[in-house]
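Dear colleague,

Please find the structure below. My notes on it follow.

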Amino acid sequence: MIGGGLLCLAAGIALCRFPDLLSRMHATAKPQVLGLLLILTGCALRLRDPVDVTTLVLIAVFQLATAPVAAHLVARAAYRTGRFRADLLIVDELADTRTAR
């Protein structure tokens with residue numbers, strides 16, 4: 001649980017410290033999900049009731065299903081509206097679609 005809390009804390013610090021939207025999204029989506037999974041695992045080990053563990057597993061599945069999709073959609077919207085720093089991109093795989101519009 002401490003490891004999960006530290007990962008969530010690192011995600012919060014990165015949200016405040018990173019320079020642009022895409023970096024912030026990457027820094028918050030990855031460790032936040034892993035931190036939550038570690039916290040849920042700690043809670044499941046502590047509770048051990050089948051109903052509680054089932055609920056925690058459902059929370060983990062929904063988090064794994066929704067967090068990457070939401071981060072991807074927000075990143076695509078930011079890219080389409082031009083609210084990102086192009087100088088920080090190493091490879092721009094969407095450059096062809098952006099110039100075509």
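Which residues in α2 meet residues in α3? From α2, the contact (heavy atoms within 4.5 Å) takes in Leu-21, Leu-22, Met-25, Ala-29, Val-33, Leu-36, Leu-37, Leu-40, Cys-43, Ala-44 and Leu-47. Their partners in α3 include Asp-52, Val-53, Leu-56, Ala-71 and Ala-78. The residues of this contact divide into 21 nonpolar, one polar and one charged. Here Ala, Val, Leu, Ile, Met, Phe, Trp, Tyr, Cys and Pro count as nonpolar, Asp, Glu, Lys and Arg as charged, and the others, Gly among them, as polar.

This is a predicted model, in which local features need pLDDT of at least 70, side-chain atom pairs count only at pLDDT 80 or more, and totals for chains, interfaces and linings use all residues. Residues are numbered from 1 along each chain as its sequence is written, and side-chain values use heavy atoms, without hydrogens and water. The mean pLDDT (the predictor's confidence in each residue, from 0 to 100) is 90 for the chain, and 95% of its residues reach 70 or more.

The axes of α2 and α3 (lines fitted to C-alpha atoms over the stretch in contact, with angles from 0 to 180 degrees between N-to-C directions) come within 10 Å and cross at roughly 180°. The two helices, α2 and α3, are therefore roughly antiparallel (an angle over 145 degrees) to each other. Helices are DSSP runs (H or I) of at least four residues, numbered from the N terminus.

Yours sincerely

Technical notes:
Parallel < 35°, antiparallel > 145°, perpendicular 65-115°, else oblique.
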